[in-house]
Amino acid sequence: MELNDNLLSLEPASVWRQFRQLTLIPRPSGHEQAALDYVAELGKSLGHEVIRNGGNVIIRAKATPGFEDRVPVILQGHVDMVPQKNDDLSHDFLKDPVVTRIVDGTVMASGTTLGADDGIGVAAALAVLADGSVPHGPLEVLVTREEETCMGGASALAPGVLNGLILLNLDTEEWGGLCIGGASGVDVNVTFHTAQVETADTDVAVRLKIDGLRGGHSGMDINLGRANANKLLARFLKFAAANYESMLVDFNGGNMRNAIPRSAVATVTIDEEDYDDFLEAVDEFEDMFRSEFESTEPGLSFSARKVDLPPTVIDEMTADDLINAIQAAPDGVVRMNPDMPGMVQTSSNLAIVKTCEGTITVNFLVRSSMESERDDVVSSIDSVFRLADAHVETSGEYPGWKPDVNSRALAVVKSTYAELFGAEPDVYAVHAGLECGILADSYPNWDMVSFGPTILHPHSPAESVNIETVQKFWDLLKAVLKNIPKA
């Protein structure tokens, strides 16, 4: 049996066959060219027109006989994935394929993110082309790049290239619902310039590690009460500085702006005479953290071990400013939507802390369905870190997707869903950045709706896609294409 052949036993076979091919191609954000090449070659092999634009791939297929007069449709998804893995796993996302397993009616990866976000959507779009039995009108498949990092593909797409009028985005992760809106977002990037001072001869160095957290999508999972490893570690570092006069050597946590950080490490120096007492304090904080996050972070661990003493440490003032600012900065849910119970309106994810030679950087992703609130949170972060004498700038701003309850595309998908499954789908907006908002800037005439199968815990190694809902998703997609109205 070849790698990931377990997927070939699943239905719908045409979708899982395409998804298996994507699992075998390394495709973290910014390194998805091989996957895009696969998409392009598949389109050419099927006899369709293939266009490259903005680093994206567009496949243009003629209508099947009898459907030439339908409104032209675009199927859209992003090919890149978030590279997250368990710390004890040796896996190179630039070289190694994702290894799949079937667990309790779901498909998961073995210790890494699965890439069903949005590999399963891309697979479904490609399956429509490759299956040969799915009736459709004039059709374009748009596969974008770098959605998970900077929305680079959607931002680079030129106006006027695509002919479609209805866009079906296949990047929603909750079966049974139709998404018609998404949050805006912006990155906040902080830089501290550090000075080095000599280590005291009487000191020892200790490596601290927060680990075992669930992490998850910094939009969809931000309201689940999960811990942020960077915030927890900063709490202890502040305590250690005040009670043990610890000095900071380095601080590193998180690696993706749109993932809640699952682990963080820091090295500090303390007086050797305080070492045993210091370890007891670590144990006490671990008990405290476990108590605070008993139901949401059952795998939480906080550990310390002695390491080689470095020749220098970060100057005390910079270290204190960094730790205090991280402690004070907004993280998690800032405000719930007052008109839509259970929906987050505004949030902040303190995603990454990274120590490099001479600098420490801190990166946030701020989201909101109201741009004024988003900008207010950015201003709060800016204020905190400017008081700490750090440099603050923003980047990667993207617009939200404004809901349209009178959408013609929404009406078609809703009625098709009700006809197939005997129930009305939920219609909602999400606290996540979908490419639809950016695409609408270049194609304001597009009528857009998003749907997909159930994907749990995206952006973490616990990511899984529900097999039963993939079949339903496929059935809905085929039926919607058949039901697209005449132009």
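I started with K472, which makes a salt bridge with E468, the closest N and O atoms being 3.6 Å apart. For this I counted a salt bridge as a side-chain nitrogen of Lys or Arg within 4 Å of a carboxyl oxygen of Asp or Glu. Before going on, I noted that this is a predicted model, where local features need pLDDT of at least 70, side-chain atom pairs count only at pLDDT 80 or more, and totals for chains, interfaces and linings use all residues. I also noted that residues are numbered from 1 along each chain as its sequence is written, and that side-chain values use heavy atoms, with hydrogens and water left out.

**Around K472**

I found K472 and E468 in helix α11 (residues 467-483), 4 residues apart, about one turn of the helix. Helices here are DSSP runs of H or I with at least four residues, strands are runs of E with at least two, and both are numbered from the N terminus. I then looked up exposure, with buried meaning under 20% relative accessible area, exposed over 50%, and partly exposed in between (1.4 Å probe, protein chains only). K472 has a relative accessible area of 28%, so I put it down as partly exposed. E468 is at 52% relative accessibility, so it goes down as exposed. Elsewhere, salt bridges that share partners join E2, D5 and R20 into one network.

**Other salt bridges**

How many salt bridges does a search of the whole structure find? I got 21. In one of them the side chains of R60 and E140 meet at 2.8 Å, N to O. R60 sits in strand β2 (residues 56-61) and E140 in strand β6 (residues 139-144), so this pair ties together parts that are 80 residues apart in sequence. E140 counts as buried because its relative accessibility is 4%.

I also checked R145 and E146, whose side chains meet in a salt bridge at 2.2 Å, N to O. Are R145 and E146 buried or exposed? I have both down as buried.

A reminder to myself: most residues other than glycine have a negative phi, and most peptide bonds are trans. I went looking for exceptions.

- The peptide bond from E11 to P12 is cis, with omega near 5°. P12 falls in the segment before α1 (13-23).
- Going from D117 to D118, I found another cis peptide bond, with omega near 0°. D118 belongs to helix α3 (residues 116-131).
- M151 is not a glycine, yet its phi is positive, near 55°. I located M151 in the loop between β6 and α4 (152-156). Its relative accessibility is 2%, so M151 counts as buried.
- H459 also has a positive phi without being glycine, near 70°. I found H459 in the loop between β22 (455-456) and β23 (464-466). With a relative accessible area of 2%, H459 is buried.

**Negative patch**

Which residues gather in a patch of negative charge on the surface? I listed D276, D277, E280, D283, E284 and D287. The patch rule takes residues with over 30% relative accessible area and no salt bridge, joining like charges within 9 Å and nonpolar side chains (Val, Leu, Ile, Met, Phe, Trp, Tyr) within 5 Å. I looked up D276 in particular and found it in helix α6 (residues 275-292). D276 has 56% relative accessibility, so it counts as exposed.

I checked C356, which is in strand β17 (residues 344-356). At 37% relative accessibility, C356 counts as partly exposed. C356 and H193 are 163 residues apart along the chain, yet their C-alpha atoms are separated by 9.7 Å.

R52 was next, in strand β1 (residues 49-53). I wrote R52 down as partly exposed because its relative accessibility is 44%. In sequence R52 and V143 are 91 residues apart; in space, C-alpha to C-alpha, I get 9.9 Å.

**Whole chain**

For 487 residues a compact globule would have a radius of gyration near 23 Å, and the chain's 24 Å agrees. That radius is taken over C-alpha atoms, and the globule rule is 2.2 Å times the number of residues to the power 0.38. Buried residues come to 57% of the 487 in the chain.

Definitions and conventions. Accessible areas come from the Shrake-Rupley method with a 1.4 Å probe; for residues, only the protein chains shown count as cover. Lys and Arg count as positive and Asp and Glu as negative; His and the chain ends are not counted. The place of a charge is taken as NZ of Lys, CZ of Arg, CG of Asp or CD of Glu.
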